[in-house]
Amino acid sequence: MTNDQSDKTFHPNRRGFLGVAAATGAASLAPSLLTGTAALAEASEPVPSQSVDASASTIAAKLPSPVLGYLSFGPDEAGFVEVMVNVMCPADALTPGGVDCGLAAYIDRQLAGGFGKGARLYMRGPWREGKPELGYQLPLTPEQFFKAGLAAADAACRKRNGKAFSELDESGADQFLHEIADGKVTDERVQLTAWFNELVYPLFEQACFADPIYGGNVGKVFWKAIGYPGLPAVHSQDMIDFRGKPFPGAADPKSIADFA
């Protein structure tokens, strides 16, 4: 993440989160680098739950179905991730829950592909501690690190709460994720704060705003929420012509599939 390191309690509201996350790049993953608290999406104003549920259900009904099945996650891992993305992206008037938006599917596909397998990483050691700007420095592939973190986090959750993460209610799960991000949950083998802030959260951001062909951002729901017109990505003249005005193309963003 690239949030200001001096702010350890950065909690934007839901609309603010979408704007910030859209402009945020994924940080390099170095075991010695612990970034600041991850910003979990929170609603800024109280909305009657019945109204939120109705709005989210209406939006979900209009969206294509998320990609079915998992290529990397086992049942317990899928249960953890599904609860996590639903907590980080709760159903409200902007979007349905994270699972319906395809966020779990996107993360699974990334871990099952070249990124997760470390296709472009040097994986032969020796494993010496380096500077954070040198990037990823672990003897594990991103997929292995993600799964090791899931297991460690779930074990810590059972120890602290007496139940698995997937068994927590929404409030308890949200609090536990904040505790991981803040460095309050530790494991002897896995640096859980780095795991969450530098691997899990960037994947979550990417799942929200990547092209829908990769499994997340189902129905371009996040693009529509922030007014991103999608492809083509060159809008230099549009930025001049529509400065300070609503851009018509944002109502119907285009993905790669639309040009296939």
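At what angle do helix α5 and α6 pack, and how far apart are their axes?

## α5 against α6

Helix α5 (residues 142-161) packs on α6 at about 115 degrees, and their axes are 12 Å apart. Axes here are lines fitted to C-alpha atoms, for helices over the stretch in contact, and angles run from 0 to 180 degrees between N-to-C directions. Helices are DSSP runs (H or I, at least four residues), numbered from the N terminus.

On the α5 side, the contact (heavy atoms within 4.5 Å) uses A153, A156, C157, R160 and N161, while α6 brings F176, E179 and I180. That splits into 5 nonpolar, 1 polar and 2 charged residues. Ala, Val, Leu, Ile, Met, Phe, Trp, Tyr, Cys and Pro count as nonpolar, Asp, Glu, Lys and Arg as charged, and the others, Gly among them, as polar.

## About the model

This is a predicted model: local features need pLDDT of at least 70, side-chain atom pairs need 80 or more, and totals for chains, interfaces and linings use all residues. Numbering starts from 1 along each chain as its sequence is written, and side-chain values use heavy atoms, with hydrogens and water left out.

## α3 against α6

Now for α3 (residues 75-88): its axis and that of α6 (residues 170-181) come within 10 Å and cross at roughly 90 degrees. So α3 is roughly perpendicular to α6 (65 to 115 degrees). Here V83, M84, V87 and M88 of α3 meet E170, A173, D174 and L177 of α6.

## A look at E170

E170 sits in helix α6 and is exposed, at 52% relative accessible area (exposed means over 50%, with a 1.4 Å probe and protein chains only). Leaving aside neighbours within four places in sequence, E170 touches V87 and P90.

Conventions:
Helix = DSSP H or I, 4+ residues; strand = E, 2+ residues; numbered from the N terminus. Parallel < 35°, antiparallel > 145°, perpendicular 65-115°, else oblique. Buried < 20%, exposed > 50% of the residue type's maximum accessible area, 1.4 Å probe, protein only.
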